[in-house]
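Please walk through this model with me, from a strand pair to a chain interface.

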Amino acid sequence: MTSLDPAGPSRRSFLKTAALAGVVAAAPLPLLSACGASGGGSGSGPIRIGVLTPLSGPWTIFGKAHLAGFQLATDQINAKGGTLGRKWELVVADSKTDSTVVTQQANRLAKQENVDFFAGTFTSAERNAAAPVVTAADKLLLYPTFYEGQNQDFYPGVCNPNIFMFGSEPSGQVYPFLEYMLNKHGKRFFLAGSDYVWPRETNRLVKAKLAELGGEVVGEAYAPIGTAQFGGLIEKIRNADTDVLFLSVVGSDSVAMRQQLLSSGLKDSLTVWSVGNEESSTSGIGPAASAGDYASFDYFWALDNPKNVEFKRAMTKKFPGTIMNNVGVDMYNAAHMAALAIEKAGSVETAKMRAGLEDLVFEDAPQGKVTMRAEDHQAALPSFLAKVREGWTGVDDMFEIVQSVDQVVPSDSTCAKLPLRRP
Amino acid sequence: MSGPLLDVRALSKHFGGVQAATDVHLSVDAGSITSVIGPNGAGKSTLMAMLSGHSIPDSGNVFYEGRDVTKWPAHRRASAGVVRKFQRPAYFPGLSVVENLEIGVVAAGIRGGRAMRARAREVADIVQLDDARYVTAGSLPHGRTQWLEIGLLLACRARVMLLDEPTAGMTRQETADTATLIHQLVHDLEMAVVVVEHDIDFVRSLDSQVTVLHLGQVIATGSMSDVEQDAQTRLVYLGE
Amino acid sequence: MSFKVEVSHETASRKVVRARRPRRGNTEDLLATVLFAVLFAVPSVGDSYQVFILPQYMLFGVLAMSLCLVWGLGGILSFGQGAFFLIGAYALGILSTRVSGSLGVWLGIAVGIALSAAVAGALAYFLFRARVRGSYFVLVTLAISTIGGVIATSASDLTGGFNGMFISRVQLTVSGWGVDLASDSTSYYFVLALTIGVYVMLRWLSRSAFGRVLVGIRENEERAEALGYDVALRKTLAFSLSAAIAAMAGAIYGTEAGFVSPSLADVVFSTSIVLWVAIGGRDFFLGGLVGALAISLVSEKLNSAIPEYWQLLLGVLFLAVVIGFRRGIVGSAILAIDRVGDRR
Amino acid sequence: MDSFSQVILDGATGTLILALVALGLAVIFGLGGVLNLGHGAMLTLGAYVTWACQMHGVPFIACVPIAAVVVGVIGLLFELAVVRHFYDRPFETLLITYAFYLIATQVIQIVWGRAVHNIPNPLPGNVTIAGASTRVYTIVVCGVCIALLSLTWLVMYRTSVGTRLRAMLQNREMASLLGIDASRTYSAIFATGAALAGLAGALISPLFSASPDMGSLWLVRSFFVVIAGGLGALVGGTLLGSAVISGGTDVFSLFTSQVFAQTVVFALAILILRVRPEGLLRKVPAR
């Protein structure tokens, strides 16, 4: 039949081509034009901040507090007219709890959204993934989470002049309370963590300090993220005759781990000290599996001081039902300190803002005073050891502060790139 | 060529406690038709499977062109020339008739678009599907799918065709045409055809060597008229 | 053309429409040409982020096409493509840092491809020989991606574990000549060329004898085997080739993105490849390519804005396609265009 | 040998809990021929329904059957609306149930948020058996699992329903001759599998809490149970598979890392599949 219509094929295919070209070309165009137009840059208009936060995936439970802390501070800053007369505008990107996505989204925020600086990323792995992007774009990243310190040169997110750490590292989070725990609960420590850089590096530092204090490490084990059954690990802990179980298992894994620890009957014969389970994951763990256990962070919701009372009131008003934790509070502090730095420097330009943040002191943090050290961008923070109350019913009566330190000066970083202060 | 094309010697096979084949002998020459008949459960399908390589006998041997192929898997036997047509038509329903045949043609080692198409066209003519070359095979009426499958066997240069109930579901006319086709193939292409059938009329019209199976054993061989005279066959098969 | 009378009535009408020899593939290639032309023009009209990100999505497209090869052509559904992609990325990352110069880069790519092909081939042959297929093989591919992720997470000395691995942009050079992927626009055109190359190669493959037989195996494995084809061997070859393509895409992706982590091997990523291909259309390589590109682009836009609702929407879209458009959106479009063309 | 009896007890409880989780999957796969990728979402749904139900002051013991019924009904509706049209196409059912997973997981997050919810242990306290200790509630869950497996066995091998089901498995066309309404039977199978998943989700929620992605952790392990255990009958296979996957991982992880143990066990499951595929293939028509 084709041969009966010699003009057919060519004309047909021409029409087809034209129609298809229209369809295919039209599809990507809205996507292309939607972007590009929005650009902050320096000068006038709002200050744009790219916030990388885990809104989906296993660390979603932290994402809410993480983002809420920064949003609350932003609202407070904007209520006062922003900084340098410019309002703050947040561009939120979901990290999906996936470092690969962090790289991608950080690139988008830098290249397409033209943000002035970054805040967020949750884990050290995510921070390390974002680091090359912020370096390439020469923007700052404000990192809020408790982390492993700055000793691992080979990671791009360590000793990076563009990154500021607002959370505590092991010498702040753990060291102040090691002696107390040793004396009170026994010398035999078992170190168990999730398998990534923060738990491994934290445990390395804790081991060194324990040796100094006369403690003994009777075991060390790491479970890959996503582990559901901890039977083997718990057996190892039992066989090691453990006094203190030093836990850096995080996220939903820690919920499973603590529940199984309870069901193994082992919980009563040792003391649990978690450095990863703050208010939101402890809510998941539940009262039975957490009662009597310790946790140490630079902030607890339970802190009873006027600034925290004020913070809690503001937070509950704006984000009712959100379980706040130290990461969220450090995001809050990061925003306020960035605002102070911008005002001090008179600019959001990276170099000037960096200089503004270095040596900055923030007196109004919900946990006390925060000082940003210039040479390695680590924060000096308060630190608290808390015990989980028996039969708690919510975040308000979950933790009871048993030890506190007003401000811990981070131990010296051993990174070769130091000092970070630029001439 | 000396000796039979396909030579089956003393095949035995059991499944669990059931003896599906016992000491079966069969000899098939090029250019001949062999029909295997028998009541349900006689072991016809088992024999077919052992000929095609879909089942390996417990003991006994299958020789093809003088070579022992007993342990060869189905695909190896098929590429050597012993190809089976299944009881239910087995073809490629989502493809057109010509695409179906081309897959068979490729199996015969013919490469290159032109040669492949030409051969597929030739086969389509033989099995009278020349009008339906570009029809999706799945939409062919049932009887024609049986022929399509025979076409597939032709396309891949089968020397021994194992036809498992080739006329199942066919009209009377189609059945008669199928007998003619088989005769034509055997005559023109010097093929050996082994047919397993229920339809006695069809077997009769094939005018072939007949082997009667009962409970896994060969109880009679000979022409259809010989077999029909056989007392045992009449007893077990024709129900007399 | 003449029709014989014996054709039964209910199929007669369909026959008239389809009885002509279809110009199979023209429309797909035509559409692909348009797509490639649009992609070619992007760097001159788009912003720097698009030039940065689109190569990664094109490589997802290559990955999706590798799935089209086994699933669309061969009928082997695999939830394990992510693992092969990851092998490619890690191999390049590990070898390009440990072996200096362009040797390390080429070695990384070669080892990744060879390793993926070997792992896929060995496993597939092992199982296909024993006639493991259908849903059971799907389960095994799920296992591949799970085990891949577990190994990537736990072999932290080699892979960086959960922390991921950083890979710098490499240079692909032979005795001084070649491309330096450090520049976004250079690597954009390089990846575009690669994507076109893979598309052309796969289209050629699908028309070749091998491709036809693969389709035959998909349509009726028993028949293909009884025609003399070593079905297990051919399925293994297809699976292995597909793994090799996935690994190659992974290697380039690693250097493009600058970062790989075990999440690329986990079940979520591997299943999203299936999603791209199913929505785009498994029967057409263009379907996989467009599915991967379009869903990645739209996901990126909507994920931050309406993360839950977007995932929900994607799920509903996926369900709708599986129920209503077995051939996927692009696939159905191609067939519709063909039909319009044929009717004239 | 306290440690030894503890390993045995943990292995046994781990096996039974995994068997409980996998049973719904095994029912739908073994009897219905559908590889239910939505199984994980059904577990999650069961856990969340339990949590929501408890929030409304309903006692835990009543929440468990409610969760099973709710998830069973959702499964039934899904089967009636979609799955039933695809039984002859295994790949499509696989994709459809995966779409169910995507949709259900998102709906759960929209309705109940993303926070991890803790479901209090209804039976606090530990019990010591031969020097090994575990939670009373764990023992109860294991008891329920044994009861369910026994019930399944009784239904399959001691009732006319079971006989018909097995007949249908052998030959679907033949089954209709025996007066079995295949379509209704398949609906019932799917609903039962979904209800079992909901029940399992409800029962394990006090042990593991409820989080939106809890299902995917169990899904892969359940698949391996089906791979490894698919060889035997529904009940024996599920138990055997669970023992291989759960017990195997526990035992191996005593000598090596958890990760390596898991990998070894998964590889073992593939090996089993390879060695005994014909038994498995019988039930699932090849595509």
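Val127(D) stands opposite Thr134(D), which belongs to strand β2 of chain D. This is a predicted model, in which local features need pLDDT of at least 70, side-chain atom pairs count only at pLDDT 80 or more, and totals for chains, interfaces and linings use all residues. Residues are numbered from 1 along each chain as its sequence is written, chains are lettered from A and ligands numbered from 1 in the order in which they are written, and side-chain values use heavy atoms, leaving out hydrogens and water.

Strand β1 (residues 126-129) and strand β2 (residues 132-135) of chain D run antiparallel, joined by four bridges. Strands here are DSSP runs (E, at least two residues), helices likewise (H or I, at least four), numbered from the N terminus. Two strands pair if DSSP finds at least two bridges between them. β1(D) and β2(D) form a hairpin with two residues between them. In the turn, Ala130(D) has a positive phi of about 50°.

Now turn to the contact between chains D and C. Here 39 residues of chain D touch 45 residues of chain C, contact meaning heavy atoms within 4.5 Å. Together the two chains bury about 4000 Å², 78% of it on carbon and sulfur atoms. Buried area is the accessible area (1.4 Å probe) that two parts lose on being put together, summed over both.

How many salt bridges are there between chain D and chain C? The count is two. A salt bridge puts a side-chain nitrogen of Lys or Arg within 4 Å of a carboxyl oxygen of Asp or Glu. Glu92(D) and Arg326(C) meet in a salt bridge, at 3.9 Å from N to O. On the chain D side, α4 (90-112), α9 (214-229), α11 (258-275) and α12 (277-281) each supply at least two residues. The largest share, 14 residues, comes from α4(D). By type, this side of chain D has 31 nonpolar, three polar and five charged residues. Ala, Val, Leu, Ile, Met, Phe, Trp, Tyr, Cys and Pro count as nonpolar, Asp, Glu, Lys and Arg as charged, and the others, Gly among them, as polar.

How far can chain C be trusted? Its average pLDDT is 86, and 91% of its residues score at least 70. pLDDT is the predictor's confidence in each residue, from 0 to 100. In chain C, confidence is lowest in helix α1 (residues 9-18), at a mean of 37, and highest in helix α11 (residues 231-257), at 96. Over residues 1-18 of chain C the pLDDT is below 50. Where pLDDT is low, the predicted coordinates should not be read in detail.
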